[in-house]
Amino acid sequence: MSIAGPLLEARDLRKYFPVPGGLPWSPARGQVRAVDGISFAIAPHETLSIVGETGCGKTTTARLVLRLEEPTSGSIIFQGTDLARLDGAHLRRVRPSIQAVFQDPWSSLSPRMRAGDIVSEPLVENAKVTKAEARDRVAELLTAVGLKPSDTDRFPHEFSGGQRQRIAIARALILNPSLVVLDEPVSALDVSVRAQVMNLLKDLQERSGAAYLLIAHDLATVRYLSHRIAVMYLGEIVEYGTSNDVFERPLHPYTKALISAAAPARPGEQRDEIILGGEVPSPTAPPPGCRFHPRCPFAFDRCSREVPLLEEKEPGRTVACHLY
């Protein structure tokens with residue numbers, strides 16, 4: 001994929017949440033380092049997936065990109081503009097170019113609005129269009145996501161879970177965004193409809209040219225949709241590379257453990273199972289050195305003393321591990 005430059009680039013991005021004291025007037029007892037100095041880039045028309053266990057910082061990263069959270073420090077450069085420095089009218093001008101599809105299609109859709117109004121709302125709020133133009137655009141998007149234009153008058157409870165997620169996708173695409181943030185877009189759906197929605201996302205990307213930032217823990221979804229993958233552990237990116245490289249030749253021990261625990265991509269595929277001991281350390285007091293070393297089966301003395309840098313080990317492949 002030949003790309004002139006990134007559409008979005010995060011640089012040394014951090015988000016710390018204060019841990020409140022026991023009483024309302026008590027000082028904070030520390031900080032949760034939800035995102036702790038990560039950097040990544042997304043090219044136009046590309047899907048970058050961020051994967052990792054629950055609590056690793058994936059969703060906080062998505063919320064920072066969407067400006068639903070304010071970064072503690074760092075930059076989020078979108079089309080040459082630092083989103084972290086925008087506010088008011090400047091931020092409103094950028095928002096239509098970045099849309100989102102959330103995990104639960106039931107809670108993300110207003111139960112009191114009809115499907116047509118849900119899909120058209122971003123268009124009506126952000127563009128000067130007539131009612132006829134909005135109606136035509138809604139019909140076009142509903143058709144594109146596999147629904148009928150006549151579905152515009154139905155309420156969310158009249159649709160299945162997969163159909164509700166299709167409505168959410170149509171709403172996200174109605175402004176022709178450059179970037180769509182997909183936060184666990186199929187995890188709340190039945191297995192039988194996940195493949196349908198995944199195929200839909202892939203097809204719509206080919207047609208619209210939008211880039212995707214995919215937040216997911218289901219590695220089958222990640223492998224099918226992604227061009228590149230960033231693996232997060234305890235607020236940090238520990239490995240970064242193309243989808244094929246990461247799945248076929250994982251480098252970081254944590255990545256190897258994640259992939260060994262996932263369902264095989266092909267029937268009969270043999271894998272060496274890697275069992276991780278212990279629990280994920282607290283993000284308020286991460287361990288010294290490599291944050292993964294208390295659970296790593298390959299750890300040695302240096303791992304507990306020295307923080308490994310995320311460095312390029314081969315073209316397009318970076319990993320933070322002293323083994324390399």
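These legends describe close-up views of a predicted model. Local features need pLDDT of at least 70, side-chain atom pairs count only at pLDDT 80 or more, and totals for chains, interfaces and linings use all residues. Residues are numbered from 1 along each chain as its sequence is written, and side-chain values use heavy atoms, with hydrogens and water left out.

**View A. The largest cavity and its lining.** The structure holds 3 cavities of 30 Å³ or more. A cavity is a set of points, on a 1 Å grid over the protein atoms alone, where a 1.4 Å probe fits but cannot get out; lining residues have an atom within 4 Å of a point. The largest cavity has a volume of about 70 Å³, a volume being the space filled by probe spheres set on the points, which are joined across faces, edges and corners. Its lining has 13 residues, and Cys290, Cys296, Cys303, Cys321 and His322 lie nearest the centre. By class, 10 residues of this lining are nonpolar, 3 are polar and none is charged. Ala, Val, Leu, Ile, Met, Phe, Trp, Tyr, Cys and Pro count as nonpolar, Asp, Glu, Lys and Arg as charged, and the others, Gly among them, as polar.

**View B. The second largest cavity.** About 40 Å³ of space lies here. Residues of the lining include Val51, Leu219, Phe247 and Thr255. At least two lining residues come from each of helix 7 (219-225), strand 9 (228-233), helix 8 (243-248) and helix 9 (253-261); helices (H or I, at least four residues) and strands (E, at least two) are DSSP runs, numbered from the N terminus. Helix 9 gives the largest share, 3 residues. The lining counts 9 nonpolar residues, 1 polar and no charged.

**View C. Phe298 in the loop between helix 9 and helix 10 (301-305).** Phe298 counts as partly exposed because its relative accessibility is 39%; buried means under 20% relative accessible area, exposed over 50%, and partly exposed in between (1.4 Å probe, protein chains only).

**View D. Asp12 in strand 1 (residues 8-19).** Asp12 is a residue other than glycine with a positive phi, near 50°. With 37% relative accessibility, Asp12 counts as partly exposed.

**View E. His45 in the loop between strand 2 (30-42) and strand 3 (47-51).** Although His45 is not a glycine, its phi is positive, at about 65°. His45 has 46% relative accessibility and so counts as partly exposed.

Definitions and conventions:
On a 1 Å grid over the protein atoms alone, a cavity is a set of points where a 1.4 Å probe fits but cannot get out, and a pocket is an open set with protein on both sides within 12 Å along at least five of seven lines; lining residues have an atom within 4 Å of a point.
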